[in-house]
Amino acid sequence: MSRVNTVLGPIPTEELGFVAVHEHIGYGMPGSELDSRWWKTPEERYEQTVPKLRAFHEYGGGTFVDATGICNGRDVDHYKSLSAKTGVHIVACTGFVGGDTALPFFARASVDYLTRQFIHEITVGIGDTGSRAGVIKVGVSRGGRMTDLDKRIYRAAARAALSTGVPVLTHLAIDAETAIAIFGEEGLPLDRVLFGHADDGVNAEKTRDTWIAEQGGRVGFDTFGYETELEDPPFWARPRKERLDHFLRFIDQHLDKALASADANCSPLGWPGVKGHTVNYIFKDLIPDLRTAGVDEATITRLFVDNPAEFLTIQN
């Protein structure tokens, strides 16, 4: 039986339903819990998050993939409570958003150590929660080129993915040549990798999205909603129509390789977040935009149900 690890236990792949494949319950940089202005109590985080996940479920959302890595505020007991409360399946990840978010203990770690860490969290559980990770997160550090630590993390992720069958999800799709070389050396098929943030306003021009797809990789257009039209847009924002047109061009050629999401924070940790941006942008704005552009329901189902199910299914 095909299955996916969620925080409340493995579920059959067909139960995933509509998937938001790159989101955050709460994301913060290491040490952000010491920020007295922006850090929130568990009660405040819960109060902010439950309505957003309930709305996601009411819109038809089935599964929320939390892409918050080790050292960035990952809280699996919190996720378990939220999942039970709202009926939304939550998939937690192991791995790191990027080497520059890894605390020194992990930054000094070998590939073998990191591999064992990832495998343990996938097959045994994260901490003492009993919940197993369903995806491995890796990323390119700030600066646009993979650091030595990034490369060790990517190599460890490839080995852990091969050992356990779970997929790899990346932060940024820049420096993809280096990543693809590492995955190739380790023997990881590229359809087990989702190269993320191909659409963000900072890196879109540096991302060889069609080339990645031609090599066999999956491509994430997963910063929908971060628009220059916002009252106070973040630096990675992009004009709404420009991003949509980019996505439409890509799915016209590589629908089977495309996944989409909003990369929103339900309750940001240690920073104010982006006002008004939630996972439900997918339902309130993106899907209506796609329909207006002439995208049919079968294609929408492919993007948010079929492609994520193929990607997330444990392959062993």
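This is a predicted model: local features need pLDDT of at least 70, side-chain atom pairs count only at pLDDT 80 or more; totals for chains, interfaces and linings use all residues.
Let me start with Glu185 and Arg155, whose side chains meet in a salt bridge with an N to O distance of 2.8 Å, where a salt bridge is taken as a side-chain nitrogen of Lys or Arg within 4 Å of a carboxyl oxygen of Asp or Glu. The two residues sit 30 residues apart and link distant parts of the chain, Glu185 lying in helix α6 (residues 176–186) and Arg155 in helix α5 (residues 148–164).

Residues are numbered from 1 along each chain as its sequence is written, and side-chain values use heavy atoms, with hydrogens and water left out.

Is Glu185 buried or exposed? Glu185 counts as exposed, at 57% relative accessibility, given that buried means under 20% relative accessible area, exposed over 50%, and partly exposed in between, with a 1.4 Å probe and protein chains only.

Next comes Asp285, which forms a salt bridge with Arg240, their closest N and O atoms being 3.3 Å apart. This pair also links distant parts of the chain, with Asp285 in helix α9 (residues 281–292) and Arg240 in helix α8 (residues 240–254), 45 residues apart. Both partners are partly exposed, Asp285 at 21% relative accessibility and Arg240 with a relative accessible area of 27%.

Helix α8 also holds a pair of its own, Lys241 and Asp245, which are separated by about one helical turn because they are four residues apart in that helix. Lys241 forms a salt bridge with Asp245, and here the closest N and O atoms are 2.6 Å apart. Lys241 is exposed, with a relative accessible area of 58%, whereas Asp245 counts as partly exposed at 26%.

By the rule I gave, the count comes to 18 salt bridges.

Finally, a word on the strands. Strand β1 (residues 3–6) and strand β2 (residues 9–12) run antiparallel and are joined by four bridges, where pairing requires that DSSP finds at least two bridges between two strands. Asn5 has Pro10 in β2 as its bridge partner, and a hairpin joins β1 to β2 through two residues.
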